[in-house]
Amino acid sequence: MTRSGLSVWSGNSYRPSLFTQFQGTIMKIDGRCHCRYATTICNCTDCQTMSGAPMRAVIITHPGTFKLLSGKPTEYRKIAESGNVRLQAFCPHCGTAIYATSTGDEPKAYNVRLGALRQRNELVPRRQIFVRSQQRWVNDLNSIPKFFEGMPPR
């Protein structure tokens with residue numbers, strides 16, 4: 001999947017889920033691996049564990065609009081705290097997280113992982129969920145020293 005395309009297909013145009021209703025524009029989203037109404041930040045403990053980070057950002061697509069253009073991801077079946085089964089898809093070569101979705105044959109909504117999209121800078125989060133599990137320090141990142149050109153000197 002080194003050149004896999006992730007696109008949300010809807011009718012005759014590409015668009016990122018319901019995000020277009022907020023922005024008033026249609027935009028194509030696509031992405032590659034490393035080798036509902038908004039961009040959402042999830043703070044649940046499952047997302048923290050599975051992403052290896054304090055949160056995960058996703059674009060939630062309309063049911064039936066997501067189309068993987070190339071490659072075949074590996075899927076892991078995870079049972080959520082609610083008891084629902086969620087398929088977690090990732091690149092079988094490098095492990096890049098691509099999406100999560102439900103099981104079954106019905107048209108599905110997909111939680112496309114923001115980090116796998118080229119347009120991640122334009123897809124600003126509009127909401128946070130499972131805030132009760134949020135790490136307390138994430139709201140105070142401005143107090144931490146920043147190194148814009150890479151790693152700090154030793």
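## Pairing of β6 and β7

In this predicted model, strand β7 (residues 85-90) pairs with β6 in the antiparallel sense, over six bridges. Within this pair, I79 stands opposite V85 in β7.

Strands of a sheet pair through backbone hydrogen bonds, either parallel or antiparallel.

## The sheet

An open sheet of seven strands has the order β6-β7-β8-β9-β4-β3-β10, and its pairing is mixed. At its edges lie β6 (74-79) and β10 (125-129), each of which pairs on one side only. From one strand to the next, the twist averages 30 degrees.

## The loop between β4 and β5

T65 sits in the loop that lies between β4 (56-60) and β5 (66-68). Its relative accessible area is 10%, so T65 is buried. The side chain of T65 reaches the backbone oxygen of H62 at a distance of 2.8 Å.

## Cysteines

Zero disulfides are found in a search of the whole structure. A disulfide requires two cysteine sulfur atoms within 2.5 Å. For C42, the closest cysteine sulfur belongs to C44 and is 3.6 Å away, which is too far for a bond. C42 counts as buried, because its relative accessibility is 8% and the cut-off for buried is under 20%.

The sulfur of C94 has its closest cysteine sulfur in C91, at 3.8 Å, and this too is too far for a bond. C94 is partly exposed, with a relative accessible area of 31%.

Notes. Residues are numbered from 1 along each chain as its sequence is written. This is a predicted model: local features need pLDDT of at least 70, side-chain atom pairs count only at pLDDT 80 or more; totals for chains, interfaces and linings use all residues. Side-chain values use heavy atoms; hydrogens and water are left out. Buried means under 20% relative accessible area, exposed over 50%, partly exposed in between (1.4 Å probe, protein chains only). Helices (H or I, at least four residues) and strands (E, at least two) are DSSP runs, numbered from the N terminus. A polar contact is a pair of N or O atoms within 3.5 Å; within protein, one must be able to donate a hydrogen and the other to accept it, and residues adjacent in sequence count only if both atoms are side-chain atoms. Two strands pair if DSSP finds at least two bridges between them. Axes are lines fitted to C-alpha atoms, for helices over the stretch in contact, and angles run from 0 to 180 degrees between N-to-C directions.
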